[in-house]
Amino acid sequence: MKKVIVVGAGIGGLACGALLARYGFDVEVLERSTFIGGRCSSTAGDGFVIDNFIHAFSMGSRGALGRVAGELGEDLRFVSRDPSATVIDGYRGRMKRFPQRLDMRPQWTRIRTALDIGVGIRGLAGGHRLFRDLMRADDPFIEERDRQALSEFLLEYSDDPQLLRWFGTICFLLLVLPPEEASAGEFIYCFREMFRCADFGYVRGSTGAIPGAYRRGLEKFGGTVRLGCPVEEILSDGGEVRGVLAGGEVRSADIVVSNAGIASTVRLVGERALGSDYAEWARSLTFSYGGAIVRYVLDEQVLDVPFVLYIADVQDQAKHEAFLKEGGLPEDVGIFMPVIDRCDPDLVPPGKQLLIAGTLAPASGGYAKTKELLDMVEVRLFSLFPGIERHVVRRMDVAPCEIGAASGNGERADIVGLAQSPGQVGADKPSPVMPVEGLYLVGTDAGARGVGTEQAAASAEVVARLVRQGYGAPGTIGRRPVQAWRDLL
Ligand SMILES: Cc1cc2nc3c(=O)[nH]c(=O)nc-3n(C[C@H](O)[C@H](O)[C@H](O)COP(=O)(O)OP(=O)(O)OC[C@H]3O[C@@H](n4cnc5c(N)ncnc54)[C@H](O)[C@@H]3O)c2cc1C
């Protein structure tokens, strides 16, 4: 039985480890933290189960997260509510509830949606065409636009400022990037899949239920997880992986799958083994932006919607986004807020309400303005829902540095992982087959498309398939071009 060591128990690592255990490999997952799930994790206490960060799932049970659980025979239930999201447009001061199944196929729905978001008469034809093309996009249409910026793609349809504001917001929600930095192809894929699946929502049992289901699957098929076990080095010899060094002890393996992210993996393997060209290229890659979160416990169930989205009241989008690079504070804060008890009442004590409000922040663990930024979120929230301040019994802040701590990336507090920007997606995305035989990269930095957790799970499916087929295994890379792995899928 071939021995596989997986470095990291994030969604990518656990899903891949569990699938490989199911395929008959002897799998051991080594995780540096004392909990599983990385950025997609939660903590239980005082009658609450609280997400460590903030999550919604764009494809629900119909995406890779659900597929992996199904393959493992594990029960993982996604929940969606109708209406699904209440969107408040700060600039126009309008509130709109969006239904769970917004079917964009009929022409009238596309026009009505453009009208609802405030597109002017001059922009309507372009808005309608845009929605139509997004829903009809096939894979070649997406691939042709992988190297184009989303901002440029949108301008082919319309320069209507409301259309651009709304798509800017959706782009931040799906890719955590502004449209100028996002790949049009990747955005189109995520948007198309979200509407095709029509299953946007939350997961029963909180976000931690996903890694929990994968861990159960792993253990059911004989795999193990060791927590509090940081991998210090990935060992290789003569271009082949040999195992890892963890806790000062050498652990041998035929195959190593790293979920530590491409930058950390390069450090763990070392430039000598990977080659200086590869290491230099890996260092040139960019990552998504970060976020800050404030959670409120209310003494009553005041809000009756599962998700709230507030679009910041700003007109100059580029000026507004500058704080993400330069630090400081924005003019207004966009807010995404799951109302947890409305998504899953079992996660909150009866009668109480749990709000998790997230906003964008620089992807630097050292961002010094977290408290002020979250105070801005609070002022905005209390103005949107007058009177809720009287019900707040507890406030809990989450700073960007906690994201870096959960992913193991330290000072780099990116929400997603690798930025889904032109030059880093589709055919340009890092290969999960690394240039050391028997070494693979899994998670958001390699091998798949999609929104955060969903691409981590999709990457796990890809890597598990490659390992099972022996692609990239010891003794094979010299004969197979690393990029050709895509032909197998
Ligand atoms: C604030 C926030 C909001 C988000 N919102 C959403 C959302 O709404 N929808 C969505 O789909 N996604 C969302 N995401 C993104 C999503 O959570 C991540 O993209 C995804 O979970 C990344 O999974 P991963 O497996 O690639 O990596 P990670 O979750 O980063 O897991 C990597 C794991 O490897 C471990 N590790 C690292 N180095 C070592 C080492 N040397 N030895 C041992 N272990 C190591 C880490 O401790 C960690 O457990 C959000 C993330 C955040 C932070």
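## Basis of the model

Residue numbers start from 1 along each chain, as its sequence is written. The model is predicted: local features need pLDDT of at least 70, side-chain atom pairs count only at pLDDT 80 or more, and totals for chains, interfaces and linings use all residues.

## Domains

The protein chain is assigned domain 1 (3-76 + 206-285 + 419-488), domain 2 (102-197) and domain 3 (289-407). Such bounds come from an automatic or database domain assignment.

The centres of domain 2 and domain 3, taken over C-alpha atoms, are 25 Å apart. Eight residues of domain 2 and seven residues of domain 3 form the contact (C-beta atoms, placed from the backbone, within 7 Å). On the side of domain 2 that touches domain 3, five residues are nonpolar, two polar and one charged. Here Ala, Val, Leu, Ile, Met, Phe, Trp, Tyr, Cys and Pro count as nonpolar, Asp, Glu, Lys and Arg as charged, and the others, Gly among them, as polar.

## Around the ligand

The ligand has 39 residues around it, and Gly8, Gly10, Gly38, Gly443 and Gly452 come nearest. A residue is near if its C-beta atom, placed from the backbone, lies within 6 Å. The shell holds 17 nonpolar, 18 polar and four charged residues.

Domain 1 and domain 3 each give the shell at least three residues. Helices α1 (11-22), α16 (400-407) and α17 (452-469) each supply at least two. The largest share, four residues, is from α17. Helices (H or I, at least four residues) and strands (E, at least two) are DSSP runs, numbered from the N terminus.

## Helix α2 against α17

The axes of α2 (residues 64-72) and α17 come within 8 Å and cross at roughly 45°. That makes α2 oblique to α17. Axes are lines fitted to C-alpha atoms, for helices over the stretch in contact, with angles from 0 to 180 degrees between N-to-C directions. Angles under 35 degrees are roughly parallel, over 145 roughly antiparallel, 65 to 115 roughly perpendicular, and the rest oblique.

From α2, the contact uses Ala64, Leu65, Arg67 and Val68; from α17, Thr453, Glu454, Ala457, Ala458, Ala460 and Glu461. Six of these residues are nonpolar, one is polar and three are charged.

## Helix α10

Six of the eight residues of α10 (residues 262-269) are buried, so this helix is largely enclosed by the rest of the structure. Buried means 20 or more other C-beta atoms within 10 Å of the residue's own, exposed 12 or fewer, and partly exposed in between, with C-beta atoms placed from the backbone. The buried residues are Ile262, Ser264, Thr265, Val266, Leu268 and Val269. They pack against β10 (231-237), β13 (255-258), α11 (271-274), α12 (276-283) and β19 (439-441). Gly270 follows α10, with a positive phi near 95°.

Conventions:
Two residues are in contact if their C-beta atoms, placed from the backbone, lie within 7 Å.
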